[in-house]
Amino acid sequence: MGCDINCGLITGAVIDVVLVVFGGILVPVGDMLIEKTVKKETVLEEGTTAFKNWVKTDTHVYRQFWIFDVQNPEDVAVHSSKIKVKQRGPYTYRVRYLAKENITQDPENHTVSFLQPNGAIFEPSLSVGTEDDTFTILNLAVAAVPHLYPNAFVQGILNSLIKKSKSSMFQNRTLKELLWGYTDPFLNLVPYPVTTTVGVFYPYNNTADGVYKVFNGKDDISKVAIIDTYKGKKHLSYWASYCDMINGTDAASFPPFIEKTRVLQFFSSDICRSIYAVFSAEMNLKGIPVYRFVLPSLAFASPLQNPDNHCFCTEKLFSKNCTLYGVLDIGKCKGGKPVYISLPHFLHASPEIAEPIEGLSPNEEEHSTYLDVEPITGFTLQFAKRLQINILVTPARRIEALKHLQQNYLVPILWLNETATIGDEKAAMFTDQVTGKINLLHLIQITLWSTGTVMFVAFMIAYCACQVMC
């Protein structure tokens, strides 16, 4: 009897210790350390890993452009033929290399505000030509006239200026002019104050995007880097706020501990809205496990399919009462200009949109947008943001350059791929300082579990042996 009691007490006590120490206390320590470290280092405040990379990224970000060179401008302008385009590119610029400015912490509201300076440096070694390469493209100023000035009398006056400047539906422009701006000869003749410089991204260099105000995550790490307010480009901030389109982060990072079921929202002033990505696959990026999130086709769906897009359909005739999909009208935040965005080559768009255009070849692999995000920290380690800029051209009886058109055209001007990948040195550092330590803690957890199990079995054997001996 005494032997039974001693065996039971001794072995039971040891088993309790094994279960408590290895199963209930020590094992969660690894997870607690990981969570504590990640929360500390992802807060946007001086001294953290996230803040250092947030102020100025060390990763090279490139913006590649492919220009749609029109091959038959006369046939289109005179006979309203299909537009034949030939894609030329890439022409590559380095962007997002400037540090954020006017960084101001608000400890009361746990936010940080800043300006993001814009700059673009041409990269000849990553391009097929030079900035002086010439393209035949749509005349942006002429195409906008019917949309900006619907009054017939005003159109008549502007038509005389278009003719006087010898402008037509199409024009020849260099890459540099098309992207960053040129003085338009027609607008230069307008007798009242108008902006005479035209360019797809004008103005860009020596400007700033913002003011942004984002949560720093100090009080709630689940809100870190999420935009609180945005006061930026003319027309954009009011319109995007009105349409509830300023949500999420800037896509450089997301709140940590990302699960596959999460929808990642991010804001881009280039497209005047927030957009989202959904989980696609697990990937391995230079030895780092990442989740790939992709932009779904629903993001560019018609308002009937996706009510979030109700603000991106303002032209009822071309859109067939907002039933067309795959393009978004962003004219309201571009001062009324007929600008539409889509995925490159009208990927996932209504077939009738691309029908008047020859030379397009939509491809999911080349033209989709994706983000590769490290799920524990929420850092984006690789991304490709791809979109296309298009201009709506409509027949205009009083504009001689457009009067022969028999149909509407959504003319593709260019498409871009803004992309970045963590460098080999940074990837090795990330693996050493983040992934490696996390894996080590997981290994310790497994070791503790294994040790606990072995000890449990050993003491069960000891208990049984004790029973036999007694």
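The points below start with the basis of the values and then go through the features in turn.

1. Basis. This is a predicted model, in which local features need pLDDT of at least 70, side-chain atom pairs count only at pLDDT 80 or more, and totals for chains, interfaces and linings use all residues. Residues are numbered from 1 along each chain as its sequence is written, and side-chain values use heavy atoms, with hydrogens and water left out.

2. Strands (E, at least two residues) are DSSP runs, numbered from the N terminus. Buried means under 20% relative accessible area, exposed over 50%, and partly exposed in between, with a 1.4 Å probe and protein chains only.

3. Partners of strand 19. Two strands are taken as paired if DSSP finds at least two bridges between them. Strand 20 (residues 409-421) pairs with strand 19 in the antiparallel sense over 12 bridges, and K385 stands opposite E418 of strand 20. Strand 16 (residues 339-342) runs antiparallel to strand 19 and is joined to it by four bridges; here V339 has I391 as its bridge partner.

4. The hairpin into strand 19. Strand 18 (residues 370-373) is also antiparallel to strand 19, with four bridges between them. In this pairing D372 stands opposite Q382. Six residues lie between the two strands of this hairpin, and G378 in the turn has a positive phi of about 85°.

5. Which strands make up the open sheet, and in what order? The order is 3-4-10-11, with antiparallel pairing. Strand 3 (101-106) and strand 11 (227-230) are the edge strands, each pairing on one side only. From one strand to the next the twist averages 20°, where axes are lines fitted to C-alpha atoms and angles run from 0 to 180 degrees between N-to-C directions. Four bridges link strand 3 with strand 4 (residues 111-117), and E101 stands opposite L115.

6. H110 has a positive phi near 55° and is not a glycine. H110 sits in the loop between strand 3 and strand 4, and its relative accessibility of 23% makes it partly exposed. K286 also has a positive phi, of about 55°, without being a glycine. Its place is the loop between strand 13 (273-285) and strand 14 (288-294), and at 39% relative accessibility K286 counts as partly exposed.

7. Cis peptide bonds. G89 and P90 are joined by a cis peptide bond with omega about 5°; P90 belongs to strand 2 (residues 83-95). The bond from Y202 to P203 is cis as well, with omega near -10°. P203 is in the loop between strand 9 (197-198) and strand 10 (208-215).

8. Disulfides. A disulfide is a pair of cysteine sulfur atoms within 2.5 Å, and by this rule the count is two. One joins C272 to C333, at 1.9 Å from S to S, and is right-handed with 55° about the S-S bond. C272 lies in the loop between strand 12 (264-268) and strand 13, and C333 in the loop between strand 15 (327-329) and strand 16, so the pair ties together parts 61 residues apart in sequence. Both C272 and C333 are buried. In the link of C313 and C322 the sulfur atoms are 2.0 Å apart; this link is left-handed, with -95° about the S-S bond. C313 and C322 are both buried.
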